[in-house]
Amino acid sequence: MLFEKKNCPECGSRYDVVEPTCPTCGKRDENFEQYKIPSNLLWLPIYKQILLFVIGLVGLNVVGFIVEIFAILMPEGTFSEAGYTTFVNTARYVIVFIGMLALIWKDFPKFRRFFDRAKPYLLGLAGGAAILAANILLNLITQAIYPTPENTNQQTVDSVITAFPIISIFVIGLIGPAVEELTYRLGLYTFLRRINKPVAYIVTSIIFGLIHFDFFAGTATGYIIELVNLPTYIVVGFLFCLWYEKFGLASSIVAHQFNNLFSILMTVISNLVK
Ligand SMILES: [Zn+2]
């Protein structure tokens, strides 16, 4: 458990046990190493970690709902079906992403050294490739055991990519993964990591799997397809946690973006071949 506070020997102020230096006087904690706290935890105050998770989970849907009301009020025929989905998704992800950046902006300078070097990004690319391979392998295994068509999530994504490839690269390939990493890794995982590592891994992976599960699939077949695909999403979520824990946020964002960009590329290529 890393929820305690400790006393500064220099100025006596009480501060978060995960901080290596006193925020009041700047005195370094000589016994800091004993806590074995990974540098990933040294990011944000706890309440901001919780807020990131809430914004990413609930805020994204609330903003989406408001944008949908706005879209419905537009004159009939403004949007095609894919155009409507793209408009709502672009608006909600961009708005939430800006909101999240505003939330962490002040804390960022303290931790920018994690983003200043090339290494985390290169490790992110390598991780992205490894996670992609794992994802493809899991899909092959799942399809061998229980062959199903694509799940609803993937079908919607495909129609959007086909109609708007450039916006898709931007929203599904770059912003979406960044928002999900801020929500589930910097938010949820980092918070749970204070309880302990296994809890953080397990809970984050399962919730990550469940947000990709369509609870409104409607038909029995629809739910079966969702259930069959669930383990893959959970494992992929686990691997993003692993990359975040080992190499930091820049790495897990790049790994996630790599996966989404690759699947966009595959959809575009398969359309060109058709
Ligand atoms: Zn102090």
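Let's start with a crossing: the axes of helix α2 (residues 81-104) and helix α6 (residues 152-163) come within 9 Å and cross at roughly 100°. Axes here are lines fitted to C-alpha atoms, for helices over the stretch in contact, with angles running from 0 to 180 degrees between N-to-C directions. This is a predicted model, in which local features need pLDDT of at least 70 and side-chain atom pairs count only at pLDDT 80 or more, while totals for chains, interfaces and linings use all residues. Residues are numbered from 1 along each chain as its sequence is written.

**The α2 and α6 crossing**
- The two helices α2 and α6 are therefore roughly perpendicular (65 to 115 degrees).
- On the α2 side, the contact is made by Ala 82, Gly 83, Thr 85 and Thr 86, and α6 brings Thr 156, Ser 159, Val 160 and Ala 163; contact means C-beta atoms, placed from the backbone, within 7 Å.
- These contact residues divide into 3 nonpolar, 5 polar and no charged; Ala, Val, Leu, Ile, Met, Phe, Trp, Tyr, Cys and Pro count as nonpolar, Asp, Glu, Lys and Arg as charged, and the others, Gly among them, as polar.
- Helices are DSSP runs (H or I, at least four residues), numbered from the N terminus.

**Phe 164, in a loop**
- Phe 164 is found in the loop between α6 and α7 (165-192).
- Phe 164 is buried, with 21 other C-beta atoms within 10 Å (buried means 20 or more such atoms, exposed 12 or fewer, and partly exposed in between, with C-beta atoms placed from the backbone).
- Not counting residues up to four places away in sequence, Phe 164 touches Ala 82 and Thr 86.
- Gly 83 lies 81 residues from Phe 164 in sequence, yet their C-alpha atoms are 8.0 Å apart.

**Ala 71, in α1**
- Ala 71 sits in helix α1 (residues 46-72) and is partly exposed, with 16 other C-beta atoms within 10 Å.
- Beyond its neighbours within four places in sequence, Ala 71 is in contact with Phe 79, Tyr 84, Phe 87 and Val 88.
- For Val 88, 17 residues away along the chain, the C-alpha separation from Ala 71 is 7.6 Å.

**Helix α5 and its cover**
- Helix α5 (residues 119-145) has 27 residues and reaches 39 Å from its first C-alpha to its last, close to the 39 Å expected at 1.5 Å a residue (1.5 Å times one less than the number of residues).
- Its buried residues are Pro 120, Gly 124, Gly 127, Gly 128 and Ile 131.
- Their cover includes α4 (113-116), α9 (220-247) and α10 (249-273).

Note on methods. Angles under 35 degrees count as roughly parallel, over 145 as roughly antiparallel, 65 to 115 as roughly perpendicular and the rest as oblique. Two residues are in contact if their C-beta atoms, placed from the backbone, lie within 7 Å.
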